[in-house]
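Subject: Structure handover

Hello,

Please find the structure below. My notes on it follow.

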Amino acid sequence: MTPGTPQPTDAAELQTEVPATSTQTQIARPKRSFAPALGLALLLSAAVAGAYVTGRVTAQRALITPDEINTVEVAQNSIQAVVRVDSRLRKEFLQPGDDPIEVGTGFFYKKDLIVTNYHVIQYQESVSVTLSNGRRVNARIEGVDPGIDIAILRVTGVTAPKTLSFGQSARLIPGQKLISIGTPLRIQNFVGAGIFSVMVSPRDVPRNDNLGSEIGQYITTTTSIQPGNSGGPLLDSRGAVVGVADLNAAPSGLIPGTIGIAIPGDLVKQSLDDLEKIGVPQRGTLGVTLVDLETLDPALRSLAGLNSSEGALIDEVPAGSAAARAALRGSLRNSKDQFLAPLGDIIVAVDGQRVQNSFDVIRIVAAKRPGQTVTLRLWRNKKSVDVKVTLLRRTLQ
């Protein structure tokens with residue numbers, strides 16, 4: 001056990017004595033809305049158990065409420081599966097005075113495989129993980145999925161003391177309790193608790209690292225997710241992984257965010273299965289490069305007969321891609337790399353959903369799987385046309 005790590009303690013051995021006006025006492029008491037007889041019955045019951053003594057409360061157990069008991073049980077049953085991830089950064093990505101170690105979190109989902117965030121190990125020179133008991137071992141990258149900011153690490157010479165299983169993030173209910181375990185501010189085995197709030201669009205979670213472009217929705221939570229938590233599990237009250245901690249929402253770079261942001265567990269589970277079986281994620285892709293329409297010269301948009309800046313221009317259409325098979329048209333550029341008129345196809349909607357930019361196109365298409373078909377509403381030669389595209393299986397480059 002690392003220094004400062006709480007030692008598991010039999011709750012029955014702990015006794016706490018607090019004034020009857022304390023917060024603990026108020027929590028233990030029934031609500032005022034209960035019938036007086038019920039409140040008296042509970043008080044008498046506690047007295048018989050020896051909980052109330054001469055006007056003061058002596059808690060015979062450290063854990064008083066069922067929710068406390070559940071939180072502790074989930075934490076104690078899960079913490080051995082959670083590891084600290086240390087990524088030593090390559091020199092070319094360091095500035096003078098920078099800490100060469102990027103610290104994050106991960107967790108065992110199989111006996112020798114660990115999930116973490118891709119951004120934790122993105123610029124690594126070497127990676128090591130520290131188990132909950134303080135043992136440190138080297139790890140290597142087994143697979144990566146920058147599209148949802150996920151990576152898999154493999155360890156040798158050690159077997160997971162515990163593994164975590166995935167639950168169903170699609171069934172989360174606003175107000176439902178969530179528990180995080182991680183390494184915020186390099187404090188290992190840190191347990192946080194909060195609730196699930198709402199699923200939000202990536203538009204509400206701006207990122208500047210060009211990762212996670214294929215995440216359709218994020219989990220938001222009041223559970224603390226701070227630097228160092230990245231890659232750690234977000235657990236429900238059954239101890240199942242329903243999300244992977246990713247970042248927090250902060251009003252500025254100078255103020256720590258108070259809203260935790262996590263990747264839905266259903267999406268992570270699907271990615272892990274793809275990475276293990278195929279080596280690359282199998283979310284839908286058109287295979288093209290896109291340019292946000294709003295970045296084009298207004299005069300060029302006008303020549304194309306457009307009066308809106310919403311949409312994504314198709315730039316390049318690689319041979320053999322799903323877009324090429326559907327005969328989508330790319331754009332031409334001159335020797336100065338400037339677009340030429342007429343422009344290529346412009347995507348303005350996917351499966352009936354209006355798109356504002358290329359990010360919208362990518363995330364909507366990514367929700368599909370190979371073999372499925374998407375309908376693109378295109379602006380082509382100053383006319384609106386619909387084209388169906390059958391998505392192809394991704395392959396290793």
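Which residues is Gly192 in contact with, leaving aside its neighbours within four places in sequence? They are Leu178, Ile179, Ser180 and Thr223, where contact means heavy atoms within 4.5 Å.

On provenance: this is a predicted model, in which local features need pLDDT of at least 70, side-chain atom pairs count only at pLDDT 80 or more, and totals for chains, interfaces and linings use all residues. Residues are numbered from 1 along each chain as its sequence is written, and side-chain values use heavy atoms, with hydrogens and water left out.

Gly192 lies in strand β11 (strands are DSSP E runs of at least two residues, helices H or I runs of at least four, numbered from the N terminus). Gly192 counts as buried because its relative accessibility is 10% (buried is under 20% relative accessible area, exposed over 50%, partly exposed in between; 1.4 Å probe, protein chains only).

Leu185 sits in the loop between β10 and β11 and is exposed, because its relative accessibility is 68%.

The largest nonpolar core has 28 residues, and Phe107, Tyr109, Ile150, Val268 and Leu272 touch the most other members (a core is a set of buried Ala, Val, Leu, Ile, Met, Phe, Trp, Tyr and Cys residues joined through side-chain atoms within 4.5 Å). Its largest share, four residues, comes from α5. Not counting residues up to four places away in sequence, Val268 touches Val115, Ile148, Ile150, Phe166, Val244 and Ile263.

Regards
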